[in-house]
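Subject: Structure handover

Hello,

Here is the structure I promised to pass on. My notes on what I found follow below it.

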Amino acid sequence: MIVLNFIIVLGILIFVHELGHFLVAKWVGVKVEKFSLGFGPKLFGFHYGETEYLISAFPLGGYVKMFGEGGFSEIEMIEQEYERETPGCAPVEAYKLSPVEEARSFAHKSIPQRMAIVFAGPLFNMLFAWLLLILLFLTGMPILKATVGEVFPDKPAALAGIKKGDLITAVDGQRIIQWEDFSTRMANVTGSVTLTITRSGQPITIQLKPQAGETKNLFGEIVKKPIIGVSPAYDFVTERFGLLDAIALGNAKTVEITKLTVLSLVKLFQGVVPLNSLGGPMMIADMANKAAQTGGATFFMLLAVVSINLGILNLLPIPVLDGGHLMFYTVEAIIRRPVPQKMREYAQQAGMILLMGMMVLAFYNDIIRYFFTSKL
């Protein structure tokens with residue numbers, strides 16, 4: 001089941017990513033020759049229209065092969081286009097295409113069109129996660145209610161009369177749905193604050209002033225924040241929301257996960273997040289299996305989080321990733337020539353070495369995490 005859940009998660013996310021490239025390529029008129037889930041030898045496939053659809057042997061990725069894309073031929077085709085547009089310059093004759101072929105060639109599309117095709121993969125991953133989160137809030141999302149658990153003595157909450165079991169419903173008149181909302185609002189408080197709580201079914205208004213305190217964030221860093229001296233009761237409930245609320249909450253959750261992913265990458269490069277926290281396929285497989293056992297909502301939440309991570313990672317300016325291609329096209333737009341083939345090759349080799357190194361590290365961390373650490 002672990003392998004099956006892993007294949008399902010990765011297969012869905014790869015399909016969504018490649019579908020983005022595929023649909024935008026079709027939209028701008030590029031001929032798509034192959035659409036593959038997986039790399040390496042073909043396991044099976046079929047032709048539909050002008051495209052061959054494949055399932056390949058290695059499931060750790062996928063690709064869309066477009067006419068006029070990749071290798072030396074793409075560079076020469078692009079150079080040919082620039083030389084056509086340059087007065088007094090004889091056109092390159094190495095790759096003569098018919099007008100019909102030129103219209104369907106990736107290399108003959110404008111820079112914005114090529115960038116749109118490349119950017120569509122990560123964008124579809126982000127949109128997929130956003131739609132999943134909205135659907136989860138519509139159909140039922142497990143949330144941690146803003147119910148007070150422990151009230152610490154001699155802290156502002158205890159001194160103001162807050163008691164265990166109180167349900168916090170508003171902060172300064174702004175509605176609170178879950179503990180996360182309460183924590184976020186309180187983190188931005190600078191002075192006195194008015195809390196609306198429900199106790200024994202009756203609404204009560206309490207005013208208090210948080211005191212300065214310190215706590216650890218998700219990355220283990222000590223940060224200063226206002227505290228009132230309460231902890232959650234860990235009262236989870238599955239709650240369904242109306243369409244407008246679901247869209248608003250889906251937007252907020254997508255932005256939150258995106259910010260956290262970007263911040264995690266920054267902290268990783270800064271050395272705040274240790275390299276041994278990197279996870280690979282085994283970690284994804286384990287998380288997918290546990291999420292599937294827990295229930296549908298948890299599984300789909302994992303799918304959304306990994307989809308956002310995949311979209312952002314693919315936008316990193318590393319050659320061989322989508323972000324690397326976007327970087328090359330940006331340079332091309334500035335210098336009005338394609339990046340020289342040799343320079344591309346060196347950059348892609350460096351990018352491949354970097355990615356392989358990260359994959360080896362992730363596999364190593366997985367092996368240590370699941371075969372050694374658990375036995376200590």
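A term first: buried means under 20% relative accessible area, exposed means over 50%, and partly exposed is in between (1.4 Å probe, protein chains only). The model is predicted, so local features need pLDDT of at least 70 and side-chain atom pairs count only at pLDDT 80 or more, while totals for chains, interfaces and linings use all residues. Residues are numbered from 1 along each chain as its sequence is written, and side-chain values use heavy atoms, with hydrogens and water left out.

Overall picture

The protein chain has 11 helices and 12 strands. Helices (H or I, at least four residues) and strands (E, at least two) are DSSP runs, numbered from the N terminus. Of the 376 residues in the protein chain, 39% are buried. Its accessible surface is about 20,300 Å², and carbon and sulfur atoms hold 66% of that. Areas come from the Shrake-Rupley method with a 1.4 Å probe; for residues, only the protein chains shown count as cover. Contact means heavy atoms within 4.5 Å. Among contacts between residues at least 6 apart in sequence, 64% join residues at least 24 apart.

Aromatic pairs

Rings of Phe, Tyr and Trp (its six-membered ring) pair if their centres lie within 6.5 Å; planes under 30 degrees apart are stacked, over 60 edge-to-face, the rest tilted. That gives 9 aromatic pairs. Take Phe35 and Tyr53: the ring centres are 6.1 Å apart and the planes meet at 40°, so the pair is tilted. Phe35 lies in strand E1 (residues 32-48) and Tyr53 in strand E2 (residues 51-66), so the pair ties together parts 18 residues apart in sequence. Phe35 is buried, at 6% relative accessibility. Tyr53 is partly exposed, at 21%.

Phe106 and Tyr329 form another tilted pair, 6.3 Å centre to centre with 55° between the planes. Phe106 sits in the loop between helix H3 (99-104) and helix H4 (111-139), Tyr329 in helix H10 (residues 322-335), and the two are 223 residues apart. Both are buried: Phe106 at 1% relative accessibility, Tyr329 at 2%.

Nonpolar cores

A nonpolar core is a set of buried Ala, Val, Leu, Ile, Met, Phe, Trp, Tyr and Cys residues joined through side-chain atoms within 4.5 Å. The largest has 26 residues, of which Leu133, Leu136, Phe137, Met141, Phe241 and Ile308 touch the most other members. Helix H1 (2-27), H4, strand E3 (141-144), helix H7 (243-270) and helix H9 (296-314) each give two or more residues to this core. H9 supplies the largest share, 9 residues. Beyond its neighbours within four places in sequence, Ile308 contacts Met126, Ala129, Thr254, Ile257, Thr258 and Thr261.

Another core lies apart from that one, with 19 residues, among them Ala146, Ile176, Val193 and Val230.

One more residue

Ile168 is in strand E5 (residues 167-171). At 2% relative accessibility, Ile168 is buried. Leaving out neighbours within four places in sequence, Ile168 contacts Ala146, Val148, Ile176, Phe182, Thr196 and Ile197.

Best wishes
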